[in-house]
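This briefing covers a predicted model.

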Amino acid sequence: MAEVSYFTKDGLEKLKEELQRLKTTGRSDISKQIAEARDKGDLSENAEYDAAKEAQGLHEAKIAQMQETLANARLLDESKLDVSKVLALSIVKIKNLKNGATMSYQLVAESEADLKTGKISVASPIAKGLLGKKVGEKTEITVPAGTIEFEILEISR
């Protein structure tokens, strides 16, 4: 059984738009590449044709994966979420107790994660360590660089 993914309204719309783009312009671009390669002659010794067919297979696999993700997607209503503890879509301000640095992250679905904008996947080690915690709680989180102790300063939506 496929894994359920939770999305914001914007994240779900972006997923639908990307899937539509892959199904339309993406497929037509690959068809053009195959046609151009086919026009170059003998298919048995045509590396361009083989590469275009392989690209088509990878493209179709990506479409199938996105369709499965969309079929198992759930839209979260942010207005009804509890702000007393860290959940998916929470914006969490945390303090690294070792160096005193504070940072703020929003916990989002894996496909929406973007560290540059402060959005981390709920499947990441930091997010997993924060889920279910409340303001003022301290938690030790194991990350690739070792174990870091954080204090939750604020939770918002």
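The points below are grouped by topic, starting with the cores.

**Nonpolar cores**
- The largest nonpolar core has 14 residues, and Val86, Val92, Ile94, Ile126, Leu130 and Ile152 have the most contacts inside it.
- Two or more residues of this core come from each of β3 (91-96), β4 (102-108), α3 (125-130), β6 (138-143) and β7 (146-156).
- Leaving aside residues up to four places away in sequence, Ile94 touches Ala101, Thr102, Met103, Tyr105, Ile126, Leu130, Phe150, Glu151, Ile152 and Leu153.

**Strand pairing**
- β3 and β4 are antiparallel and pair over 5 bridges.
- Lys95 stands opposite Thr102 in β4.
- The hairpin of β3 and β4 has 5 residues between the strands, and Gly100 in this hairpin takes a positive phi near 80 degrees.
- β4 also runs parallel to β5, with 3 bridges joining the two.
- Gln106 stands opposite Lys119 in β5.

**Largest pocket**
- The volume of the largest pocket is about 560 Å³.
- Its lining has 26 residues, and Phe7, Ala109, Glu110, Ser111 and Glu112 lie nearest the centre.
- Elements that give two or more residues to the lining are β1 (5-7), α1 (9-38), α2 (47-71), β4 and β5 (119-121).
- With 5 residues, α1 gives the most to this lining.
- By residue class, the lining divides into 12 nonpolar, 7 polar and 7 charged residues.

Key. Residues are numbered from 1 along each chain as its sequence is written. This is a predicted model: local features need pLDDT of at least 70, side-chain atom pairs count only at pLDDT 80 or more; totals for chains, interfaces and linings use all residues. Side-chain values use heavy atoms; hydrogens and water are left out. A nonpolar core is a set of buried Ala, Val, Leu, Ile, Met, Phe, Trp, Tyr and Cys residues joined through side-chain atoms within 4.5 Å. Buried means under 20% relative accessible area, exposed over 50%, partly exposed in between (1.4 Å probe, protein chains only). Helices (H or I, at least four residues) and strands (E, at least two) are DSSP runs, numbered from the N terminus. Contact means heavy atoms within 4.5 Å. On a 1 Å grid over the protein atoms alone, a cavity is a set of points where a 1.4 Å probe fits but cannot get out, and a pocket is an open set with protein on both sides within 12 Å along at least five of seven lines; lining residues have an atom within 4 Å of a point. Grid points are joined across faces, edges and corners, and a volume is the space filled by probe spheres set on the points. Ala, Val, Leu, Ile, Met, Phe, Trp, Tyr, Cys and Pro count as nonpolar, Asp, Glu, Lys and Arg as charged, and the others, Gly among them, as polar. Two strands pair if DSSP finds at least two bridges between them.
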